[in-house]
4 protein chains.
Amino acid sequence: MMRIGLCGLGYWGKNLFRTLSSNPNIELAAVADANPQTRERLAASHPTLKLFPDAMDLIADPDIDAVVIATPVSFHYPQAKAALDRGKHVLVEKPMCTTSAEADDLIARAKLHGLTLMTDHTFLFHPAVRKLGELVRSGALGQISYFDSQRINLGLFQPDVNVLWDLAPHDLSIIDYLFGEEPVHVEASGYCHVNPGSPDIAYLTFHYPNSMVAHLNLSWMSPVKVRRIAVGGSDKMVVWDDLDRDEPLKIYDSGITAQPRQDREMILPSYRIGDVTSPRLAGNEPLVDVIEHFRKVILGEAAPISDGHRGRRVLRTLERAQAALDLSLGQVQAAMPADHYTIAAE
Amino acid sequence: MMRIGLCGLGYWGKNLFRTLSSNPNIELAAVADANPQTRERLAASHPTLKLFPDAMDLIADPDIDAVVIATPVSFHYPQAKAALDRGKHVLVEKPMCTTSAEADDLIARAKLHGLTLMTDHTFLFHPAVRKLGELVRSGALGQISYFDSQRINLGLFQPDVNVLWDLAPHDLSIIDYLFGEEPVHVEASGYCHVNPGSPDIAYLTFHYPNSMVAHLNLSWMSPVKVRRIAVGGSDKMVVWDDLDRDEPLKIYDSGITAQPRQDREMILPSYRIGDVTSPRLAGNEPLVDVIEHFRKVILGEAAPISDGHRGRRVLRTLERAQAALDLSLGQVQAAMPADHYTIAAE
Amino acid sequence: MMRIGLCGLGYWGKNLFRTLSSNPNIELAAVADANPQTRERLAASHPTLKLFPDAMDLIADPDIDAVVIATPVSFHYPQAKAALDRGKHVLVEKPMCTTSAEADDLIARAKLHGLTLMTDHTFLFHPAVRKLGELVRSGALGQISYFDSQRINLGLFQPDVNVLWDLAPHDLSIIDYLFGEEPVHVEASGYCHVNPGSPDIAYLTFHYPNSMVAHLNLSWMSPVKVRRIAVGGSDKMVVWDDLDRDEPLKIYDSGITAQPRQDREMILPSYRIGDVTSPRLAGNEPLVDVIEHFRKVILGEAAPISDGHRGRRVLRTLERAQAALDLSLGQVQAAMPADHYTIAAE
Amino acid sequence: MMRIGLCGLGYWGKNLFRTLSSNPNIELAAVADANPQTRERLAASHPTLKLFPDAMDLIADPDIDAVVIATPVSFHYPQAKAALDRGKHVLVEKPMCTTSAEADDLIARAKLHGLTLMTDHTFLFHPAVRKLGELVRSGALGQISYFDSQRINLGLFQPDVNVLWDLAPHDLSIIDYLFGEEPVHVEASGYCHVNPGSPDIAYLTFHYPNSMVAHLNLSWMSPVKVRRIAVGGSDKMVVWDDLDRDEPLKIYDSGITAQPRQDREMILPSYRIGDVTSPRLAGNEPLVDVIEHFRKVILGEAAPISDGHRGRRVLRTLERAQAALDLSLGQVQAAMPADHYTIAAE
């Protein structure tokens with residue numbers, strides 16, 4: 001049985017713990033977490049589990065075949081590097097690391113040692129995203145013209161990421177999964193209401209070579225939580241509302257029809273409105289599939305869905321978006337009057 | 001009784017006709033429309049109405065006290081100018097004209113002749129916008145941090161406007177009404193899926209001196225119609241969904257609370273979630289109020305809510321947004337491969 | 001051209017006036033209304049229209065080929081009878097008259113004189129009801145097991161009808177249209193909160209010979225308006241929400257599957273959940289189709305969809321429901337303490 | 001620390017297990033379950049827990065202070081009786097037992113031995129029901145005129161209960177909690193589509209002495225899950241939609257206003273439509289509160305919210321509803337043609 005070690009028992013780490021424990025083909029053999037109370041509780045309830053205060057010690061343990069890294073982002077690179085160098089397969093949380101250069105290095109090491117390197121973009125295992133993938137790849141939607149995402153809520157402000165790095169990886173991994181292309185042009189704007197230099201609202205536009213435009217509206221400042229992605233094609237359009245319990249995915253047999261007009265320069269298209277279908281989405285909890293998929297990829301039984309290259313492409317686009325955002329923030333700062341408002345600490 | 005002439009009986013002109021006819025203090029004395037069938041039908045049903053094929057002849061008619069201009073945008077300026085020069089009050093459809101220079105000229109003429117010049121930004125008479133105005137001005141929302149609008153549908157492509165000029169005037173007039181400021185910085189991106197050079201999708205970001213950021217997501221390519229504006233303040237947040245029959249306006253007693261943290265550089269705010277209130281919105285059909293307001297402003301009984309200055313500010317921001325959009329479209333064009341896709345006429 | 005007279009210009013009469021006027025194959029030749037102001041306004045705007053204070057005089061006018069009766073319910077029978085006896089076709093508002101005996105008499109007279117007698121159950125011309133009819137008759141839903149309607153709102157209390165006679169005719173005509181059967185057993189309960197003896201809430205259960213059960217929840221006391229009908233079949237189930245602007249009709253490919261169990265007496269069925277489809281519903285305003293249908297039936301070009309027999313069956317079921325309701329109210333009255341509450345006039 | 005034994009580890013028993021385990025003031029000392037595999041799994045993960053195949057042996061264990069009974073309904077009475085007779089406090093799942101006579105006996109035994117006897121009507125600890133209770137008792141709603149519940153879904157058919165006994169206890173316990181009265185008159189109808197004699201759809205009407213009418217629409221045959229309760233008062237009305245994630249409880253400042261009319265016999269009330277408020281509902285998971293409440297009641301630190309008397313009243317109303325349902329089913333059976341349809345095993 002494959003012996004796996006888990007680094008980090010924070011919010012997402014707890015889900016990984018539960019999921020790794022319930023997979024009958026995996027032995028969750030060790031856990032590393034810096035918090036002594038977390039380790040004490042685990043020692044009581046799981047007396048046979050190896051516990052480490054330092055993830056590097058877990059990684060060094062020769063009993064472990066593979067590691068799952070769910071520590072803060074800045075630790076991803078050194079821990080993944082150490083694990084690969086010690087011959088262990090790696091599943092690392094998103095974002096994969098902090099720079100695409102780090103990602104390049106990890107990919108090279110995994111290749112050198114013949115090891116599996118995966119990024120945990122859990123959404124790619126979500127039944128709605130799989131269905132979207134089928135619809136895009138089968139051509140059912142026709143030529144794709146836009147991807148529009150609204151991902152807003154009252155956000156949990158975090159010390160080490162801004163709203164871009166917190167929320168955009170979800171959309172960027174889904175775009176990469178659906179279309180497999182990197183944008184040719186990136187635009188961004190945003191605002192830092194709380195911490196100067198750290199946007200809590202960001203608007204992003206990505207232009208793709210196939211003429212698709214993608215737009216992300218990301219916010220930590222919305223009283224209403226929205227998780228809504230629309231994908232428009234020349235034949236059909238799809239809206240995925242992740243918070244709709246009953247009909248999360250709707251396929252609209254609607255579109256724009258362009259007719260030739262010889263008598264005028266412009267095309268005045270008409271639109272067509274047809275049925276709406278909400279397919280039944282069945283499937284496991286996505287994280288259960290992520291873990292089983294990781295196991296199968298290690299054993300050579302499956303091709304990786306979310307490998308290091310995908311993680312690196314997402315990172316590279318995040319870096320470009322951050323640069324565009326920095327440019328915009330600087331221009332706005334220059335244009336603003338000196339005393340403009342932020343939500344200051346009282 | 002005030003005698004009013006109506007220029008243009010298209011889609012919106014028909015609504016103006018009905019509204020002007022039903023105001024008991026106004027006599028709708030004349031109508032101009034280029035379509036002979038339209039005039040014939042009117043002659044049959046309204047034998048006492050004066051009919052003109054050419055709006056300029058209606059404007060020249062000495063029996064008319066005031067004109068309402070609902071012709072295509074390019075006619076607004078010459079018709080309004082002629083009317084003002086002949087001593088007639090003017091209510092002109094939005095957008096007021098095609099350039100802010102034209103608007104300046106109309107404002108100057110109205111001032112010179114002591115006449116009323118109003119732009120028909122009907123939404124400013126909508127009960128929800130009035131309520132929003134009360135909430136903003138009373139300080140109930142606290143310091144405003146964002147205005148976020150989604151205005152998307154399967155669009156009626158029009159020969160003389162793009163999606164920006166079709167949809168943005170609504171949001172820009174509402175922003176001007178609520179906050180009375182012009183943006184210090186304007187950003188835009190978009191895409192032309194159907195007609196090169198004429199965007200059918202546009203994303204706009206406006207930065208205001210009071211540190212508010214406004215974002216508009218405009219599209220003629222969405223199978224689902226959305227008309228949703230969110231306004232976020234430091235104390236409360238409001239969402240107006242114009243298509244929600246039952247509770248179009250919701251006030252969220254929710255927000256971000258920033259606490260001082262002396263031990264660290266960053267502010268890690270927490271959020272607060274409270275009750276949601278949906279106030280009863282009562283009132284006339286907005287256009288009925290527009291017309292009655294126009295009458296009262298002419299008689300000096302009311303101060304104008306939507307005067308030429310407001311119309312000009314909206315125009316000026318549209319011009320800046322168009323320039324930002326042109327810049328973005330050019331950059332994307334340059335970055336794109338040569339053979340990229342548009343919805344070509346078949 | 002067929003010359004039609006309209007009796008009654010109340011709430012629904014105004015809609016009939018507009019619809020009759022816009023049908024190019026019909027001449028709306030005369031209108032009767034007891035209100036002198038109504039007649040004066042009409043005389044001004046429609047100088048060629050014949051106007052009568054008394055519907056009986058309109059009915060006696062030899063120039064009229066057919067009459068549409070939209071007067072209060074108690075007038076339906078005498079006016080329809082007079083019209084039929086004078087050789088005029090009749091379209092009468094719902095409910096057709098006040099007793100099924102009256103309906104029998106009208107049906108007999110129409111047959112005797114070879115005239116068209118139709119009841120205006122407008123909902124039968126609604127695109128959603130037509131679609132429901134297709135689904136039921138094609139067998140797409142399988143064996144129908146229930147019809148469940150919620151028809152509640154803050155009601156306009158009316159002097160001459162209770163909530164049963166106000167709201168149930170809609171559902172009963174739809175049931176008659178879909179299934180063409182009368183119930184074998186009728187049950188009812190309700191409550192009179194405002195006027196003793198006149199229920200403002202009614203719950204009705206109808207049992208049909210094909211083993212379908214129909215339930216109606218009718219109320220004038222609900223702050224939220226609901227117009228929702230669910231039809232369940234062994235293969236598919238349908239929900240029609242008449243207030244849902246975007247997807248009023250949803251077809252659920254879901255159901256109950258009963259498997260044989262030889263080892264036990266009971267059947268423990270499992271359920272099956274599949275896709276949801278919302279068909280595009282296109283069509284005219286239903287009343288436009290009602291009027292054109294009436295014209296065609298008179299000319300022998302169409303078979304009547306809502307004839308006197310359907311109107312009579314609806315009436316007969318209403319009578320049985322009223323009797324069941326009376327029985328229940330009496331039993332509750334007897335069981336109640338003497339001083340129980342009603343919303344008394346203050 | 002209080003030592004509690006749990007009888008039954010089925011669907012709800014698992015929730016009780018988790019909740020009992022996480023209460024720091026309670027020791028979950030023993031579990032009884034007839035399934036050997038369930039006991040084996042528990043033995044592995046919880047080596048210190050006492051396990052019994054037979055609940056009666058757990059009940060006889062002198063180490064146990066109190067028992068929670070979550071076995072099938074027919075076992076509730078003998079197990080609760082045995083526990084009370086051995087001096088143990090009892091929390092029993094709903095419905096409390098199978099007849100009100102059994103409930104009377106349990107209440108008498110609990111009184112005789114001075115023990116706590118509670119029924120687990122979990123909904124009474126739900127934040128929405130508590131808020132409803134505040135609104136009703138404070139008089140904020142005015143005089144209550146109706147309680148209307150829709151509780152429908154594709155049902156898990158169960159061998160020992162029909163839809164009435166499965167779903168009505170929720171509503172009946174809430175009504176008892178809100179109003180504390182038993183109905184003066186009970187009416188019921190329903191249908192048995194799957195198993196003769198065992199309704200899968202039931203419509204119930206209860207008349208209360210304060211002139212409130214309550215109606216329950218219960219179904220195992222609906223493709224859409226609905227959990228919606230409306231409570232109407234003379235001043236305000238409330239709708240609780242348990243499946244609405246964002247605003248489950250809405251308070252409508254709307255109602256019926258009856259004005260005196262001296263000139264006529266009938267009262268023609270008008271209606272009033274005001275704001276809608278959705279209060280923030282905060283609180284624990286209800287079952288956590290149930291367990292802590294049970295502990296406090298045993299210690300004399302709290303008065304029981306859901307005691308044996310409440311459980312008995314719910315049972316008594318269920319019995320009356322079943323009798324009314326039987327009466328109706330018999331009458332329908334008699335009226336039906338011989339060969340009418342049921343969903344037969346294929």
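Helices (H or I, at least four residues) and strands (E, at least two) are DSSP runs, numbered from the N terminus. The model shown in these views is predicted: local features need pLDDT of at least 70, side-chain atom pairs count only at pLDDT 80 or more, and totals for chains, interfaces and linings use all residues. Residues are numbered from 1 along each chain as its sequence is written, chains are lettered from A and ligands numbered from 1 in the order in which they are written, and side-chain values use heavy atoms, with hydrogens and water left out.

**View 1. C:Ala82 sits in helix α4 of chain C.** This helix spans residues 73-85. Is C:Ala82 buried or exposed? C:Ala82 is buried, because its relative accessible area is 16% (buried means under 20% relative accessible area, exposed over 50%, partly exposed in between, with a 1.4 Å probe and protein chains only). Leaving aside neighbours within four places in sequence, C:Ala82 is in contact with C:Met56 and C:Ile59 (contact means heavy atoms within 4.5 Å). C:Arg320 is 238 residues away from C:Ala82 in sequence. Their C-alpha atoms are 28 Å apart.

**View 2. Strands β5 and β6 of chain B pair in the parallel sense.** Strand β5(B) covers residues 89-93, and four bridges link β5(B) to β6(B) (two strands pair if DSSP finds at least two bridges between them). B:Leu91 stands opposite B:Met118 in β6(B). Strand β6(B) covers residues 117-120, and both of its faces are covered. B:Leu117 and B:Thr119 are buried on one side. B:Met118 and B:Asp120 are buried on the other. In a regular strand the side chains alternate between the two faces of the sheet.

View 3. B:Pro95 lies in the loop between β5 and α5 of chain B. The peptide bond from B:Lys94 to B:Pro95 is cis, with omega near -10 degrees.

**View 4. Chain C has a cis peptide bond between C:Lys94 and C:Pro95.** Omega is about -10 degrees here. Where is C:Pro95? C:Pro95 lies in the loop between β5 (89-93) and α5 (100-113) of chain C.

**View 5. B:Leu172 and B:Ser173 belong to helix α7 of chain B.** Helix α7 of chain B spans residues 163-179. B:Leu172 counts as buried because its relative accessibility is 4%. B:Ser173 counts as buried at 1%. Neighbours within four places in sequence are left aside in both contact lists. B:Leu172 is in contact with B:Phe206, B:Val314, B:Thr317 and B:Leu318. B:Ser173 is in contact with B:His121, B:Leu124 and B:Val314. A polar atom of the B:Ser173 side chain also lies 3.0 Å from the backbone oxygen of B:His170. Along the chain, B:Val194 is 22 residues from B:Leu172, and their C-alpha atoms are separated by 25 Å.

**View 6. D:Trp165 lies in helix α7 of chain D.** This helix covers residues 163-179. D:Trp165 counts as buried, because its relative accessibility is 15%. Which side chain makes a polar contact with that of D:Trp165? D:Gln322 does, at 3.1 Å (a polar contact is a pair of N or O atoms within 3.5 Å; within protein, one must be able to donate a hydrogen and the other to accept it, and residues adjacent in sequence count only if both atoms are side-chain atoms). Not counting residues up to four places away in sequence, D:Trp165 touches several others, including D:Pro95, D:Cys97, D:Thr98 and D:Leu315.

**View 7. A rotation of 180 degrees superposes chain A on chain B.** The shift along the axis is 0.0 Å and the RMSD is 0.0 Å (copies are superposed by least squares on the C-alpha atoms of residues with pLDDT of at least 70 in both). That is the relation of a two-fold axis. The copies meet through the same surface, because 100% of the interface residues of chain A are also interface residues in chain B.
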